[in-house]
Amino acid sequence: MALSAPSNAERVFSPPSARNRQIDIGFTALTQAMAWAIAALLIAIVAVVGERALPAIGTYGLGFLVSSTWDPTRDEYGILPMIFGTLATSAIGLALSSFIGVGTAVFLSEDFLPLPIRNVLVFLVELLAAIPSVVYGLWGIFVLIPLLKPVERWLYAHLSWIPLFSSTPTGPGLLPASLVLTVMLLPIITAISRDALAAVPAELRQAAYAVGTTRVEALFGVLIPAAFSGIVGGIMLALGRAMGETMAVTLLIGNASNISASLFAPASTISSLLANQFAEASGLQVSALMYAALVLFVLTLIVNVFAQIIVRRVQQKY
């Protein structure tokens, strides 16, 4: 009597073989090892930077964070203007790029345009991420700053009584650096937000339309809240890029150690400080720069922790 072949149900529900179990265990161990390796690498980087920063930490303490003096000739160091510049450029760039990037992601993820045209636009947006930051900086110097000068002069001439426009426009400053950061962050936010919106189940969209909602109501009431965690993840990834951006900001921000509410005033960031001075630093100045790098790491960590808290609260709500 001939033996019949196993049915589909028997093949699907048959217990895994010992070889398959070994493969699963090996794959799990490999992925865990990679995850722990990344954590170990991060700890090693922080340990090295912290160890190099110990002389400056012992010398200046927390006063390093609130002092505005950076004078290598007298070994007096403080990074309050650099912290201000880092947070200001990142906040302005992130606010503008988040609004434009999420809007672009919604436009490219819905059926507003034919698919071939959407594919071309998606490719062009993602192409922005491949442009080196020094190219953005040169574009800012030769294209953006000349375009901004007439606008800045008009604002200064008519609205100089407003603190945001109270400085004489000189070219490099907080505004051009922030605008270039906006362009640099757009592909990150747009790509991740578009993927998050595309991952929303089709049934959710159909259910929203079935109860009589318009497209706008479905977008803002159902789809964007459902994809909110992915959108926030993209925004926080972009914020990390903004806070650590070096070359473009160094070329455009003016590199002045002062704090001003004006968008036209030159400023400085922690990254631009490191780029400008690390090559020629020696002695206690090297330790002070390492201390500044450690502060930048802590700022980025705090931002990411708050982002995770926001994402979890939104996930619990929806």
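This is a predicted model: local features need pLDDT of at least 70, side-chain atom pairs count only at pLDDT 80 or more; totals for chains, interfaces and linings use all residues.
Visitor: How many cavities of 30 Å³ or more does the structure hold?
Guide: Rolling a probe the size of a water molecule over the atoms shows where empty space is left. In this model, the cavities of 30 Å³ or more number two.

Visitor: What is the volume of the largest cavity?
Guide: Its lining consists of Leu108, Val122, Val125, Glu126, Thr190, Ala191, Arg194 and Asp195. The space they line has a volume of about 50 Å³.

Visitor: Which element gives the most to the lining of the largest cavity?
Guide: Two elements give two or more residues each, helix H4 (115-127) and helix H6 (174-198). With four residues, the element that gives the most is H6.

Visitor: How many charged residues are in the lining of the largest cavity?
Guide: Four lining residues are nonpolar and one is polar. Glu126, Arg194 and Asp195 are in this lining, and Asp, Glu and Arg count as charged. The number of charged residues is therefore three.

Visitor: Which residues have the most contacts inside the largest nonpolar core?
Guide: In soluble globular proteins, nonpolar side chains tend to be buried together. The largest nonpolar core here has 66 residues. Beyond four places in sequence, Phe64 is in contact with residues including Trp70, Ile79 and Tyr291. Those with the most contacts inside the core are Phe64, Trp70, Ile79 and Ile270.

Technical notes:
Residues are numbered from 1 along each chain as its sequence is written. Side-chain values use heavy atoms; hydrogens and water are left out. On a 1 Å grid over the protein atoms alone, a cavity is a set of points where a 1.4 Å probe fits but cannot get out, and a pocket is an open set with protein on both sides within 12 Å along at least five of seven lines; lining residues have an atom within 4 Å of a point. Grid points are joined across faces, edges and corners, and a volume is the space filled by probe spheres set on the points. A nonpolar core is a set of buried Ala, Val, Leu, Ile, Met, Phe, Trp, Tyr and Cys residues joined through side-chain atoms within 4.5 Å. Buried means under 20% relative accessible area, exposed over 50%, partly exposed in between (1.4 Å probe, protein chains only). Contact means heavy atoms within 4.5 Å.
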